Amino acid sequence: MAGGRPVEHGYPHLETVRSAVTALYKRLSYDTVHSFDTSVAPADVAFCDQDDLYLGAQRVAREMVRHLRLPDARVIVSFREMEHAAYVELTAGPEYFIELNDRFRRHRRDIGAALAHEVMHVYLHRLGLTFPGTRANEILTDTATTYLGAGWLLLDAYREDGASSQKLGYLTPEEFGYVLAKRALAFGEAPETWFTSAQAYTAYTRGLAQARRDGQQPPLTGAGWAGRRRYAKDRRYALDHGSAPRSGGSYSFSRPDASGPLRVSFPCPTCHQRIRLPARGRVRARCALCRSILDCDT
């Protein structure tokens with residue numbers, strides 16, 4: 001929670017975010033990930049100052065539980081003074097206890113964002129999906145919340161002006177926008193109309209541009225002229241020397257043996273699982289993890 005402190009921007013956690021998307025597809029499977037094809041609706045988590053604080057919080061918590069299909073988890077919400085935005089007690093169940101920062105008594109429209117993150121902790125706990133270290137695990141939670149359809153609330157809680165700032169979660173606003181855009185591209189959603197924060201909308205558009213660049217890297221045919229030229233140069237070098245020089249590209253070349261055909265490895269633009277193909281020209285490939293169809297010129 002920024003709490004008036006300067007908000008970090010950019011993409012400092014991008015590699016961990018991409019690893020989190022890959023981990024979701026590996027742990028849940030393509031079919032389960034795509035069962036979350038509809039995001040949490042703004043009307044279902046709306047919370048105004050006239051709503052009863054505790055009944056409203058319970059209602060929103062139940063919506064998060066329903067969205068993540070946690071029928072055995074009953075979430076009990078309370079409020080107290082604390083440094084962080086929220087805390088969830090991950091016991092064996094069937095009840096889970098979430099404590100929210102007292103500031104949410106006055107900022108009720110952001111309660112849904114805090115609950116989305118904490119209920120996702122419950123979901124990942126039940127899956128047994130974790131990353132080593134607190135920060136990496138929190139980034140996994142933010143990424144999973146966003147990619148599975150509830151994290152747009154976390155991005156919408158970002159507000160910043162000359163006098164104050166607020167942000168929930170561990171990702172930067174642009175990283176939230178990036179994950180939300182990856183979801184939008186994969187599921188055909190258009191979340192632009194859901195934002196109440198102008199700064200959140202701006203962060204989403206920047207994240208969308210970054211997400212689209214993932215599909216414009218060689219050896220994908222959507223790569224630009226400069227990328228294609230660099231790739232061709234690296235491929236020629238690899239053919240002569242067995243491996244390509246470090247050029248800053250996300251691809252790498254290898255040979256299974258000294259006389260074998262040259263292969264190129266590169267990340268899938270959807271799930272970031274690495275794909276390995278023969279370096280022999282135009283080919284259409286299918287990612288085995290997320291089932292994306294990729295047009296390549298290897």
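This is a short tour of a predicted model, stop by stop.

**Colour by confidence**

Start with pLDDT. The mean for the protein is 90, and 94% of its residues reach 70 or more. Select helix 1, residues 14-28: confidence is highest here, at 98. Then select strand 5, residues 165-166, where confidence is lowest, at a mean of 81. Where pLDDT is low, predicted coordinates should not be read in detail.

**Helix 8**

Select residues 198-214. This is helix 8, with 17 residues.

Now show side chains. Which residues of helix 8 are buried? They are Ala 200, Ala 203, Tyr 204, Gly 207, Leu 208, Gln 210, Ala 211 and Asp 214. An α-helix has 3.6 residues a turn, so residues three or four places apart point the same way. Keep that in mind while looking down the axis.

What covers these buried residues of helix 8? The cover includes helix 1, helix 6 (152-156) and helix 7 (173-187).

Move on to Pro 218 and Pro 219. A cis peptide bond joins them, with omega at about 10°. Pro 219 sits in the loop between helix 8 and helix 9 (225-241).

**Two loop residues with positive phi**

Go to Arg 69. Look in the loop between helix 3 (53-67) and strand 1 (74-80). Arg 69 is not a glycine, yet its phi is positive, near 55°. Is Arg 69 buried or partly exposed? Its relative accessible area is 45%, so it counts as partly exposed.

Next, select His 272, in the loop between strand 7 (263-267) and strand 8 (274-278). His 272 is not a glycine either, and its phi is positive, at about 70°. His 272 counts as buried because its relative accessibility is 12%, below the 20% cut-off.

**The hairpin**

Finish with strand 9 (residues 282-286) and strand 10 (residues 293-297). How do the two strands run, parallel or antiparallel? They run antiparallel, and five bridges join them. Pick Arg 282 and look across to strand 10: Asp 297 stands opposite.

Now follow the chain from strand 9 into the turn. Six residues lie between the two strands of this hairpin. Stop at Arg 291 in the turn, where phi is positive, at about 65°.

Note on methods: Residues numbered from 1 in each chain as written. Predicted model: local features only at pLDDT ≥ 70, side-chain atom pairs only at ≥ 80, totals over all residues. Heavy atoms only, no water. Pairing = 2+ DSSP bridges. Helix = DSSP H or I, 4+ residues; strand = E, 2+ residues; numbered from the N terminus. pLDDT = per-residue confidence, 0-100. Expected span 1.5 Å × (residues − 1). Buried < 20%, exposed > 50% of the residue type's maximum accessible area, 1.4 Å probe, protein only. Contact = heavy atoms within 4.5 Å.
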